[in-house]
Amino acid sequence: MKTKLFIAMAVCAITILLMSAMPGGNGVISKEGAFTVVNTTTLAQDVKGYNSSTPLKIYISKGKIEKIEALQNQETPRYFAKVKKQLLPRWNGMTVKAAKSAKVDAVTGATMSSNAVIENVKRGLDYYQKHK
């Protein structure tokens, strides 16, 4: 009985280790249909906008950014709406390589939130290139 319990626990431990070692095993990279999606929630939790972190989902297909979505955050809705409308689409259609080196300016009136989003994109794309 103790042997079976030990074996079951060992199998569970090995499974957990293997899943965490795999790309996406930590929830950063996943697949949604034809897209590879990078979630920056854990990658950039130390990157703060005006009020909070600004996690994103970066949708990539065939080496190009299709879209970037803002995830739930505590930024001021009125100002973050500007970021979502004016900043997030700037990377659409770019290759990952081009997007990493693109000089993207902050949105006037939402500079801290914009800078946090820009850093999230950089970290997400770096992670994607290392773990795709």
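Guide: We'll take the sheet, then the helices.

Guide: This is a predicted model, where local features need pLDDT of at least 70, side-chain atom pairs count only at pLDDT 80 or more, and totals for chains, interfaces and linings use all residues. Residues are numbered from 1 along each chain as its sequence is written, and side-chain values use heavy atoms, leaving out hydrogens and water.

Visitor: What is the order of the strands in the open sheet?

Guide: Strands of a sheet pair through backbone hydrogen bonds, either parallel or antiparallel. Here four strands run in the order β1-β2-β3-β4, with antiparallel pairing. Pairing takes at least two DSSP bridges between two strands; strands (E, at least two residues) and helices (H or I, at least four) are DSSP runs, numbered from the N terminus. The edge strands, each pairing on one side only, are β1 (29–32) and β4 (64–70).

Visitor: How many bridges join β3 to β4?

Guide: Six, with β3 covering residues 56–61. Look for Lys57, which stands opposite Glu69 in β4.

Visitor: At what angle do the axes of α2 and α4 cross?

Guide: Two packed helices are described by the angle between their axes and the distance between the axes. The axes of α2 (residues 77–87) and α4 come within 9 Å and cross at roughly 50°. Axes are lines fitted to C-alpha atoms, for helices over the stretch in contact, with angles from 0 to 180 degrees between N-to-C directions.

Visitor: Which residues in α2 meet α4?

Guide: Phe80, Val83 and Leu87 meet Ser113, Ser114, Val117 and Ile118 in α4, where contact means heavy atoms within 4.5 Å.
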